[in-house]
Amino acid sequence: MTETASPPAAGAVDRAPRRGRPRLDPARWRDLSLVPVIFVLGVIGFIVSPAFLTRDNLIGVVQQSTELGLLVLGEALILISGRMDLSLESTIGLAPVLALWLVMPAHGARFAGLELFPPWTAVPLCLAVGAAVGAANGFLILKLRVNGFIATLGMLTMLRGLQVGISEGQSIGDVPASFAYLGKADWLGVPAAVWICLALFALGGAALGYLRHGRALYAIGGNPEAARAAGIRVDRITWIVLAVGGLLAAFAGILYTGHYGAVSASQGNGWIFQVFAAAVIGGISLKGGRGTLFGALTGVLTLQLVINVMTLGGVPPLWTQFLNGMIIIIALVISRFTSGEKQD
């Protein structure tokens, strides 16, 4: 859990400690603002269906949260640094397709690949594709000075078209066992994807809280010019964060593919709205420089619980999108008043 940091060069005025009765600071409780919402959703879920509190259902909820969680983790880091990346939802689909295309046999399978590399290289190739997409976004934004929203929107559309072109609009099955392992394996009775997702959130939170470059993200997102004046290499760190975001999206694609045993033609389509919703209701500022990864993680769990409760309640799929959006707004309002902070 990390505290929101302020730009290091914003005046640098040391204030003398104030004497008197200490006051309760609501900002300190911002990270926990969605916990009551999750508790209420749990009570509603138990009332709606006794199956809600079963082990299989709860394990299913947390496993389905892993792929979205990794996208939110990447987007949260990018948002804290004052940027945004819309192309993450395409990267989760394109990176596995491109990697499998390079390693799958050219003949004898439903999907004809190029067979340029051995099957065991599919995972590193997929991760490399994700990092390359993030690095390309960084080049467009930082070197060519293209608007980040437009650049990543164009990248989203281009990558989606590339995925459809390579896969010919079909789902890709028969993926190598090494590629599917992490998405379907169980460690200590819990899906491996859950352990990996929690470890990556903990690693990211520790980096933001205790590493110099991690804390620099808050300074860059809060005031990039002040951060630059303080000696922080703004462009280099931002570029790395964009590459890490693409890497995490590709890793989410590996887990998703292993979980379902195939790369669907529409993998990740429309996920970016949930990614931003989870990040915002989790306290990540769209203006940069504020928020924590713990808050983002509670945002992911909130969204998945909403979907799970609606499914158990027998809500017709045609109403799911409307009700999902409505509950997100209610969660935002509750989070706004429990935290005592404006949601920028």
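**Position in the helix**

How are Tyr256 and Tyr260 separated in helix α10? These residues of helix α10 (residues 234-260) are four residues apart, so about one helical turn lies between them. Helices here are DSSP runs of H or I with at least four residues, strands are runs of E with at least two, and both are numbered from the N terminus.

**Basis of the report**

The model is predicted: local features need pLDDT of at least 70, side-chain atom pairs count only at pLDDT 80 or more, and totals for chains, interfaces and linings use all residues. Residues are numbered from 1 along each chain as its sequence is written, and side-chain values use heavy atoms, with hydrogens and water left out.

**Aromatic pairs**

A search of the whole structure gives two aromatic pairs. Tyr256 and Tyr260 make a tilted pair, 4.7 Å centre to centre with 50 degrees between the planes. Rings of Phe, Tyr and Trp (its six-membered ring) pair if their centres lie within 6.5 Å; planes under 30 degrees apart are stacked, over 60 edge-to-face, and the rest tilted.

Tyr256 also pairs with Trp271: the centres are 5.4 Å apart and the planes stand at 80 degrees, so this pair is edge-to-face. It links distant parts of the chain, as Tyr256 in helix α10 and Trp271 in helix α11 (residues 271-281) are 15 residues apart.

Tyr256, Tyr260 and Trp271 form one aromatic cluster. Tyr256 is buried at 17% relative accessible area, and Trp271 is buried at 16%. Tyr260 is partly exposed at 47%. Buried means under 20% relative accessible area, exposed over 50%, and partly exposed in between (1.4 Å probe, protein chains only).
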